[in-house]
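Please find below a colleague's note on the structure shown here. The points follow in numbered form.

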Amino acid sequence: MTDSSANERQTVLELRNVWKRFGAVEAVKDASIEVRQGEVLTLLGPSGCGKTTTLRMAIGLERVSSGEILYEGVVVDSGSSRSFVPPNKRNMGMVFQSYAIWPHMTVAENVAYPLNVRRVGRSETRARVARVLDQVGLTGMGDRQSTMLSGGQQQRVAVARSLVFEPNLLLLDEPFSNLDAKLREQMRVELKELQRRLGITVLFVTHDQIEALSLSDRIVVMDHGNVEQVGTPTYLYRNPQTPAVRDFLGRTVMFTGTVIGGGNSETVPVQLEEPGGPVIRARTTAGSVLQPGEKCSVAVRPEVVDVVRVADGSYDSAQLVGSIAAVLFVGERYEARVRLPWGQDVQIYLPVSEDWEEGQEISLHFDALQAQAWAVAA
């Protein structure tokens, strides 16, 4: 999905300059976020960044301190007018991290609970429960006791219960965190397929970058209560605009150096570490200008670094050369710690098509447009 196609979609949920304060602590700071019809929008960031607080304000479990929240064009919470629509009136479904499955109820009774609260008739309730259980892959399991379910099945029950009353927005708070690695991967695929098949609009919260990158149409990266950047997974990964986004999404190899000479419209030359060190080129962050003589950092993703073996003494100071200090075989690749001439260690990937040994000298190569130069202050 491109950003342009996303912009054409109707906005389901909108946060406008929302703040949330707990005493002197500012948990969310001036957040403006839109969730569009039919998309998966993910709030991503480390623990304590404000993402779960934002989700709880969206559904109405927390009040905004200032700003306002609109759902389907209607103000449901406002810091200025104090207007507020309670959670049960917002027609949103929510899956909690703990699933919150009632242990004394069967699968069908758990799923039917939101319909019973809404006083839906028995025949309609039975039909809806059967339909949603089929949608989440639990056909024929309605009479099973919830205590007899696996973790993945409990998660499906929680999703079914949140969908049975046909909400216009589904909110997911770290729904895979209680599952083992293999089951998490399976449930990611199942949720993606279910969302696409039903066209559900989803606001998803996670600290797991793999979940965010694989499930999302767009990602909101948060840090210390701030919205750092919003965009598609590929755009954020390739074009981070703040250090928080750069460092949280994926691994990064970092070099430091000094800008030398003039750059062109896309890249600047950077001499690494000290006079006489190797010179590399890197593109600048959008909107930033680096001047000759300015200290900077250069970030590059390890998967775009090409590695060439170096015979003893067969390189010059213009090449970026290091020696393998440690190497680990992890299946689809080797992961190596490479010691650079000035003592810095960097983590890179090596192909499994060759054998690698500690102490081996290698040269590192990457396209200038794959590297990003940042002012030292950043």
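1. Helix α5 is largely enclosed by the rest of the structure, because 11 of its 13 residues are buried (buried: under 20% relative accessible area; exposed: over 50%; partly exposed: in between; 1.4 Å probe, protein chains only). Helices (H or I, at least four residues) and strands (E, at least two) are DSSP runs, numbered from the N terminus. The model is a predicted one, in which local features need pLDDT of at least 70 and side-chain atom pairs count only at pLDDT 80 or more, while totals for chains, interfaces and linings use all residues. Residues are numbered from 1 along each chain as its sequence is written, and side-chain values use heavy atoms, with hydrogens and water left out.

2. The buried residues of α5 include Gln153, Arg156, Arg161 and Leu163. Among the elements that cover the buried residues of this helix are β6 (92–95), α3 (107–117), α4 (122–135), β7 (169–173) and α6 (181–198), contact being heavy atoms within 4.5 Å. The length of α5 (residues 151–163) is also consistent: at 1.5 Å a residue its 13 residues should span 18 Å, and the end C-alpha atoms are 19 Å apart, which agrees. The expected span is 1.5 Å times one less than the number of residues.

3. An open sheet of 4 strands is ordered β2-β1-β4-β5, with antiparallel pairing; two strands pair if DSSP finds at least two bridges between them. Strands β2 (25–36) and β5 (74–78) stand at the edges, each with a single partner strand, so one side of each has no neighbour in the sheet. On average, neighbouring strands of this sheet are turned by 20° against each other, direction ignored. Strand β4 (residues 66–71) pairs with β5 in the antiparallel sense over 4 bridges, and Ser78 in β5 is the bridge partner of Glu68.

4. Helix α2 lies across β1 (11–22), β2 and β4, running at about 120° to β1. Axes are lines fitted to C-alpha atoms, for helices over the stretch in contact, and angles run from 0 to 180 degrees between N-to-C directions. Since 7 of the 9 residues of α2 (residues 51–59) are buried, this helix is largely enclosed by the rest of the structure. Lys51, Leu55 and Met57 are among its buried residues. Gly60 follows α2 and has a positive phi, near 105°.

5. How many salt bridges does a search of the whole structure find? The total is 19, a salt bridge being a side-chain nitrogen of Lys or Arg within 4 Å of a carboxyl oxygen of Asp or Glu. One of them joins Glu62 and Lys20 (3.8 Å, N to O). This pair links distant parts of the chain, with Glu62 in the loop between α2 and β4 and Lys20 in strand β1, 42 residues apart. Lys20 counts as buried at 9% relative accessibility.

6. Arg63 and Asp77 form a salt bridge whose closest N and O atoms are 3.0 Å apart. Arg63 is in the loop between α2 and β4 and Asp77 is in strand β5, 14 residues apart. Arg63 is partly exposed at 26% relative accessibility, whereas Asp77 is buried at 0%.

7. A network of salt bridges links Arg251, Glu332, Arg333 and Glu335. Within this group, the side chains of Glu335 and Arg333 meet at 2.9 Å, N to O. Glu335 is buried, with a relative accessible area of 16%, and Arg333 is partly exposed, with 23%.
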